[in-house]
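Subject: Structure handover

Hello,

Please find the structure below, followed by notes on what turned up in it.

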Amino acid sequence: MSEATHTVKSYEEELQSLNKNIIKMGVSCEEALGKAIIAITTRDSENAETVIKNDEKIDKFETLIEQQVVNLIALRQPMAIDLRETVTALKISSDLERIGDLAKNISKRTLLLNENLPKNLVEALVRVSTNVQKQLKSVLDAYLDRSSSMAVNVWENDEQIDELTNLCMQEVIKYLKEHESNLDDGTHLLFVTKNIERIGDHTTNIAEQIYYLVEGEYLEGDRPKGTEPIVTGEK
Amino acid sequence: MKKNGVNMIKISAKNVDVFYGKKQALFNINLEIEENQVTALIGPSGCGKSTFLRCLNRMNDVIDICNVQGEIVINDFNINDKGCDVVRLREKIGMVFQKPNPFPKTLYENISYGPTIHGMAQSKQEMDEIVETSLKKAALWEEVKDRLHEPGTGLSGGQQQRLCIARAISVQPEVILMDEPCSALDPIATAQIEELIDELKKEHTIIIVTHSMAQAARVSQNTGFFHLGELIEHGSTDKIFKNPENNKTQDYITGRFG
């Protein structure tokens, strides 16, 4: 936001409220992801159920933010930095909503998984998810600080997540091949891994929005990409 | 007109200073106006945008204490030169004002006045054509074609303003200056004028002074922001309204000013 405040106070308040709601929604998503990861790695159903239950809260934030954005556009006709604040809020909220959904989906699968997962699989999952959680935290900090350089960092780090995702996928596929009885758990774990990676992608989207918000220009260049379709041994 | 994809420069103001007596109203304005484009001049009251607009057809000449320095080059000719024929200049550079100001004469005479004094019609038939074309271009013909010999002052505000635009374009000016042309009009009449501006830019270069940010954003391709007699920022309208370079511009257009 600009340093000077609006002549019309209620307009200023509306923009600040929008800003606060994005941050609150972001924090809710951070919590959801954190709990979802704890739930799957420590086999804790209670946390998984909380994530599923709380997703509604995140969805409500999205609706609220959408209404605020529509009101701002209709009633205030925001320009320049205010316009970018408004438009990016709308886009960020839809990425956050997806993050919430993905955390919820991880939790639903957690409830269906067998009690004893092989240690190496859990470790591989933790490696990806720790990274994604860091990314999500950094992107929310970047939004709070209006820092385009922090946003660029997040954007660049996505490549690492893609690599870790690949490694994790390979572990899961190995596990699937070990025994037919691993089919159910293995399939869930593939989706869980993919969901975590998708959360990383939404985080990268948010980083792009923050860059546009601060700089007024789009982040140029190819998006870092590490993911190639996984090839595993025999064909 | 475009050359190599770039719009040609129609008017070029170089180091323009304006004084009212001892008070300086404009400080070293350098501004290039693109041909066949709409340029909006915005800024708070008293920032000098109307003063600048009036420099472009030497309207400041009528104010005794006003002194304009610097060059304003239109078609490679500095209009501040002593040899400039001001009557010819104002034929080439028409003007529309804030309040519709039709002559207290018939609609027909309002339009025919300019072409008559500039000797643009050889016959009644030619003049009829000029009147009809001008009114059509001003999107007023259909509404007034049956009452051309009634007084222009009998029209509604929006119609009067379109009559004034028809009067301005009747002498085929290259440039049209508009000083808050819609501030006295309702939203529908405003929309009609804005639509007209869009049409007119095909044949004319338009410079509009407006207090409405939204209007500047809607009608113009380029925008200049004036503040305290200085041109703070000038650039493409979408850049100015999405991502202005200067903080003062941003504060003004977002309603954060002082």
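E132(B) counts as partly exposed, at 28% relative accessibility (buried means under 20% relative accessible area, exposed over 50% and partly exposed in between, with a 1.4 Å probe and protein chains only). Its salt-bridge partner is K136(B), with the closest N and O atoms 2.6 Å apart (a salt bridge is a side-chain nitrogen of Lys or Arg within 4 Å of a carboxyl oxygen of Asp or Glu). K136(B) is also partly exposed, at 45%. Helices (H or I, at least four residues) and strands (E, at least two) are DSSP runs, numbered from the N terminus.

Some conventions before the rest. This is a predicted model, in which local features need pLDDT of at least 70 and side-chain atom pairs count only at pLDDT 80 or more, while totals for chains, interfaces and linings use all residues. Residues are numbered from 1 along each chain as its sequence is written, chains are lettered from A and ligands numbered from 1 in the order in which they are written, and side-chain values use heavy atoms, leaving out hydrogens and water.

Salt bridges

Over all chains, a search of the whole structure finds 25 salt bridges. One of them joins E85(A) to R146(A), with the closest N and O atoms 3.0 Å apart. E85(A) lies in helix α3 of chain A and R146(A) in the loop between α4 and α5 of chain A, so the pair ties together parts that are 61 residues apart in sequence. E85(A) is buried at 3% relative accessibility, and R146(A) is buried at 19%. R146(A) also lies over the face of Y143(A), 4.3 Å from the ring centre (a charge sits over a ring if NZ of Lys or CZ of Arg is within 6 Å of the ring centre and within 35 degrees of the ring normal). In chain B, salt bridges link K10(B), E35(B) and E174(B) in a network.

Aromatic pairs

There are four aromatic pairs over all chains (rings of Phe, Tyr and Trp, the last by its six-membered ring, pair if their centres lie within 6.5 Å; planes under 30 degrees apart count as stacked, over 60 as edge-to-face and the rest as tilted). F52(B) and F226(B) make a tilted pair, 5.6 Å centre to centre with 40° between the planes. This pair links helix α1 (residues 49–55) to strand β11 (residues 222–227) of chain B, 174 residues apart. Both F52(B) and F226(B) are buried. F103(B) and Y113(B) form an edge-to-face pair, because their ring centres are 5.1 Å apart and their planes are at 65°. F103(B) is partly exposed, with a relative accessible area of 27%, and the charged end of R167(B) sits over its ring, 4.3 Å from the centre.

Cores

The largest nonpolar core has 56 residues, and V139(A), L189(A), I196(A) and I210(A) have the most contacts inside it (a nonpolar core is a set of buried Ala, Val, Leu, Ile, Met, Phe, Trp, Tyr and Cys residues joined through side-chain atoms within 4.5 Å). Another core, of 42 residues, lies apart from it and includes I111(B), M127(B), L135(B) and A216(B).

L140(B) counts as buried, at 0% relative accessibility.

Regards
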